[in-house]
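Here's a quick tour for anyone about to set up calculations on this complex. We'll start at the ligand, move on to the chain interface, and finish with some backbone details.

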Amino acid sequence: MQHIVIIGATSAMAEHCARLWVQAAPVRLTLVGRDEARTRRVADDLRVRSPQSDVHVMTSDFVDAAAIQRTVSHIVNQAAVDVVLIAHGVLSGQGTCQDDLLACDAALQVNGVSPVLFAEAFAKPMVATNHGTIAIIGSVAGDRGRKTNYVYGAAKGLVSRYAQGMQHRLAQTNVKVVLIKPGPTDTPMTSDLKAKGQKMASVEVVAQDIVKGIASGKPVVYTPGIWQVIMLVVMHLPRFVFNKLNI
Amino acid sequence: MKPVSAWGRLSNDLHDVHVLTDRAHVAPVLAAHRPGLAFGNGRSYGDVCLNPHGHLWHTTGLNKFMAFDDATGRLVCEAGVLLRDIQRLFVPRGWMLPVTPGTQLITVGGAIANDVHGKNHHAVGSFGDHVLGVSLARTTGEVLSLDWTQTPALMSATLGGLGLTGVIVTAELQLRRVGSPWLRTETLPYQGLTEFFELADASEHDWEHTVSWIDCLAGQTARGIFMRANPMSAPQAAAMPSLKAVLAAHQQKTQSQPLRMPFVPPLSLVNGLSLKPFNMAYYELQKLKSGFDVAHYEPFSYPLDNLQDWNRMYGPRGFYQYQSVVPREGGQLAVQAMLDAIAASGEGSFLAVLKTFGNREAKGMLSFPEPGVTLALDFPNRGQRTLQLMDRLDAIVREAKGRLYMAKDARMPRDLFEAGYPRLSEFAAHRDAGISSAMSRRLMGV
Ligand SMILES: Cc1cc2nc3c(=O)[nH]c(=O)nc-3n(C[C@H](O)[C@H](O)[C@H](O)COP(=O)(O)OP(=O)(O)OC[C@H]3O[C@@H](n4cnc5c(N)ncnc54)[C@H](O)[C@@H]3O)c2cc1C
């Protein structure tokens, strides 16, 4: 059985990826969350979907480097890891981050530093076995800073640059690094945006793209695919045009 | 605030939508945002799932399974799980929902709140006959565990209770064993209602699923297509090796993107010009298929589920569905009178569905199914003309001592509702004071 580890297992995208994985074949799953009861609810659901799968639940602090190291060491000591999906994040409002330095700090920690620390902690044992895939969920918001969400975008930008460097470092090994960049997706995290009428991809479709991208080991996965084109345009807009846009 | 429509698309009013995602947090959300109403997958046609300019608690995020017992077929799940997801997971394991309506894109909570029925009502009753218990969050912040022995009254008010007794958070359902996803079907054309009732009576014993389509534009001749089906056991299906290839093709199809009505046409595509030829063509096409056949349960039971957003074809003004049940005694006359009234009005219906209910009372205080015959009709919204026709149909239903189905209704008058649902005052005592819908205000005053 494949051993798949999900960090931030209660996130809607991660949960739907897990559903696809257990549906395809029985797996060993380690679900890591902040809230034990919520993570257990996800685990129970997956056990009903796939009685043959072996589902484990763990909790961890997500911003304390020592705790992250302990969590990852514990997981890799239990069983060698085939896939790790790092999926946690919070959509902190730009306004809040501008008004409140503590909120800004927390947003940068959770969305940027924390995924990087998890990835780094997994890299070492995976390089040692020369096997496995590290997938990190970034965001299209990390491609170019915009006034409406650049704190979140900057954190995701950190993740992008980090993944890029890690891909370079591991290019000669069998360990793959997959950076996933979803566009706005219909999840509880974005329900405010949805209420404002923004069009969003369904989480089922995004999860399908993620699972496929991980299986093929693609370095960068935009989902839905159209975002690759959109971001290409956004990134190349000259500043005098870009600065006039209300985005 | 966000615009929300029900399936009939008759309105698009703003609602303050709260997405429920964690079953442990339902009660606090309700207490903080009341009065409000649960909204499942919006497959009700009228205003039973709407609360314009007020709070709406969206339940499709409550989509987790909780436990399944492979020995007994008991499933515990959250109320926002879609029936389709239950079916697709458990049919391959030999278990199925005993009752599903004509679409499986509805939630467990919506199925309970309307106590939905299927084509096999005469054999197994309605959805509620297979609900063992629920947990119900009230807007006071408490969560109650309901079942038929400890809390029979609140259980019976909640089943078919239109979401007015609280929000169903989880449910325990009894699945039934199935040997295969296949049905053995028979299609029979018929002429006139007498022949329909003969077929229905003759089929009741030996056929689990029965339903018919009727050309309601044909007036007195009332020709139709009667369909009946039985589940196939595993050995029967195994004896037909060709089914394997069909199943593989079906799975391929359902995994690809379903077809979608790409936009709302400026006018209803369902009009006098299109209806007559459509109904004729449909009749002739189905007639060609008469005889025995084998069908996968999905296309047989949910023919429209692969055409997403088909409700848009009625144009920007939306459409009404009108579903009544009248007792068998006098039922034939009443159905004939309704068909005559429709033919005379020239307001066609796309697909009229005619079916008999079995001889069993539903368990819910406001459940729709009762012994008799049920007719379901779609009418594009053409304003006053359409409403007048439905008023004439009301008179026939009232006279025949029948009732209308709330899941489909958007306009019935209060007196017809009160006459059709004699347990209404008993029900009122179980309502949650923090819940109200457009329908409850229209038909119950609060
Ligand atoms: C193509 C089609 C075919 C159909 N065929 C049939 C049929 O054959 N037989 C039949 O009986 N019906 C049929 N229906 C109607 C449909 O089954 C019902 O309207 C069903 O209740 C819709 O469920 P929903 O999840 O979409 O709920 P909604 O329509 O969103 O809500 C329905 C009601 O349930 C309440 N509700 C929803 N979730 C909860 C909850 N968790 N707790 C408490 N209350 C809740 C709402 O407040 C509302 O009163 C059909 C509908 C369509 C579109």
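## Around the ligand

In this predicted model, the ligand is surrounded by 34 residues, and the closest are A38(B), R43(B), S44(B), T107(B) and Y405(B). Sort that shell by class and you get 18 nonpolar, 14 polar and two charged residues.

The side chain of S44(B), one of the closest residues, has an N or O atom 2.6 Å from an oxygen atom of the ligand. How much of the ligand's accessible area does the protein cover? On its own the ligand has 970 Å², and the protein covers 95% of that. As for where the shell comes from, β3 (36-39), α3 (108-113) and β10 (167-174) of chain B are the elements that give two or more residues to it.

## Where the chains meet

On to the interface: 17 residues of chain A are in contact with 18 residues of chain B. About 1300 Å² of area is buried between the two chains, with carbon and sulfur atoms giving 53% of it.

The charged and polar side of the story goes like this. The rule finds three salt bridges across the interface; among them is the one between the side chains of R38(A) and D22(B), at 3.6 Å from N to O. Six residue pairs are in polar contact between chain B and chain A, counting pairs with both residues at pLDDT 80 or more. On the side of chain B that touches chain A, β5 (65-69) and α2 (83-90) each supply at least two residues. The largest share, four residues, comes from β5(B). By class, this side of chain B has 10 nonpolar, three polar and five charged residues.

Most residues other than glycine have a negative phi, and most peptide bonds are trans. A few spots here are worth a look against that background.

In chain A, the peptide bond from T223(A) to P224(A) is cis, with omega near -15 degrees; P224(A) belongs to the loop between β9 (220-223) and α9 (226-236). Chain B has a cis bond joining R34(B) and P35(B), with omega about -5 degrees, and P35(B) lies in the loop between α1 (26-32) and β3. Back in chain A, N130(A) has a positive phi, near 55 degrees, in the loop between α5 (101-129) and β5 (132-137).

How values were computed: Residues numbered from 1 in each chain as written. Chains lettered and ligands numbered in written order. Predicted model: local features only at pLDDT ≥ 70, side-chain atom pairs only at ≥ 80, totals over all residues. Heavy atoms only, no water. Contact = heavy atoms within 4.5 Å. Buried area = accessible area lost by both parts, 1.4 Å probe. Salt bridge = Lys/Arg side-chain N within 4 Å of Asp/Glu carboxyl O. Polar contact = N/O pair within 3.5 Å; in protein donor to acceptor, adjacent residues only side chain to side chain. Nonpolar A, V, L, I, M, F, W, Y, C, P; charged D, E, K, R; others polar. Near = heavy atom within 4 Å. Areas by Shrake-Rupley, 256 points an atom, 1.4 Å probe, with all protein chains shown as cover.
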